[in-house]
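Reader: I am new to this structure. Please take me closely through a single part of it, and then show how that part sits in the whole.

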Amino acid sequence: MYTPNHFQFKDNAEKIAFMKQYSFATIITVKNNLPIATQLPFFIDNSSDKLILSSHFAAANEHSKYIEANTSLVIFTEPHAYISPAHYDKRESVPTWDYIAVHAYGKAKVIVEEAAKIKALEQMIKFYEKDYLHQWDSLPDKFKKGMMRGIVAFELEITDLQGQKMLSQNKTEIERKRIVEHLGKSENTTEKDIADYIKKL
C-alpha cells in the first residue's frame with residue numbers, strides 16, 4: 001500500500017480497532033496467477049502476541065482451496081467520501097477522495113477438527129450477536145453438523161499490516177472545517193462517518 005507520511009495510522013492498535021469496527025472485509029488470493037476475491041465477515045483476535053483473523057467460506061466456494069498455499073490480502077475499508085475542491089482556498093485545486101483502509105497480509109490455515117470449527121463459529125457469534133448464542137446452543141446437533149459440512153472455516157495469521165487514513169490532513173484547519181460541515185449535513189452515513197474521523201484529527 002502506498003502511504004504518504006501524513007496519511008499513516010498512529011500504530012497497529014489503531015489499525016486493529018478500525019478492523020474490528022469495519023470487520024466485513026474482502027479477502028484476495030491468487031489462483032493460477034489471477035486474483036480471486038470473496039467478501040466475508042471476520043473475527044479479529046489480538047488477545048495474544050499474534051494477530052489472527054478467522055472466518056469461513058461456503059464449501060462450494062473454490063477460494064478456500066488456495067488460501068493455505070498462497071499469501072492472502074484482506075482489505076478492510078468502509079467510510080469514504082468525495083471531497084470537492086469547492087472547500088479549498090486555492091482555485092487551482094482538484095477533487096479528491098477521503099477514505100480509510102487497512103490491508104492485512106498472511107497465509108491461512110483451514111480448520112478441520114470439528115471442535116475447533118465450532119469454537120471459531122461461536123467466536124463469530126459472540127462478536128456479532130452475543131444474544132444469538134442461546135438460540136445457537138439450543139439448535140439440534142443434526143442441524144449444526146449439516147451446517148458445518150457446508151462451510152470451510154479458516155484462521156489467517158497476519159504477517160504484515162498496512163493502513164492509510166486519507167482525511168484531508170494535507171489541508172488547512174479552515175479547509176477541513178468546511179469539509180466537516182459539508183459532510184456532516186449529508187444524508188449518506190459513510191460521509192458523516194468520515195466527517196467524524198476528520199474532526200478527531
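Author: Isoleucine 27 has valine 74 in S5 as its bridge partner. The two strands involved are S1 (residues 24-31) and S5 (residues 71-83), which pair in the antiparallel sense over three bridges. Strands here are DSSP runs of E with at least two residues, helices are runs of H or I with at least four, and numbering starts from the N terminus. Two strands pair if DSSP finds at least two bridges between them. Strands of a sheet pair through backbone hydrogen bonds, either parallel or antiparallel.

A word on the source. This is a predicted model, where local features need pLDDT of at least 70 and side-chain atom pairs count only at pLDDT 80 or more, while totals for chains, interfaces and linings use all residues. Residues are numbered from 1 along each chain as its sequence is written, and side-chain values use heavy atoms, leaving out hydrogens and water.

Now widen the view. S1 and S5 belong to an open sheet of seven strands, ordered S2-S1-S5-S6-S7-S4-S3. The pairing is antiparallel. Strand S2 (34-41) and strand S3 (43-45) are the edges, and each pairs on one side only. On average, neighbouring strands are turned by 35° against each other, direction ignored.

A helix packs on this sheet: H1 (residues 12-21). Helix H1 touches S3, strand S4 (52-58), S5, strand S6 (96-110) and strand S7 (151-166). Contact means heavy atoms within 4.5 Å. The direction of H1 makes about 125° with that of S7. Axes are lines fitted to C-alpha atoms, for helices over the stretch in contact, and angles run from 0 to 180 degrees between N-to-C directions.

Glutamate 191 lies in helix H6 (residues 189-199). Glutamate 191 touches His80, Ala81, Leu183 and Ser186, not counting residues up to four places away in sequence. Next, lysine 192 is also in helix H6. The C-alpha atoms of lysine 192 and histidine 80 are 9.2 Å apart, although 112 residues separate them along the chain. Lysine 192 is partly exposed, with a relative accessible area of 36%. Buried means under 20%, exposed over 50%, and partly exposed in between, with a 1.4 Å probe and protein chains only.

Finally, the whole chain. It has six helices and seven strands. Buried residues make up 42% of its 201 residues.
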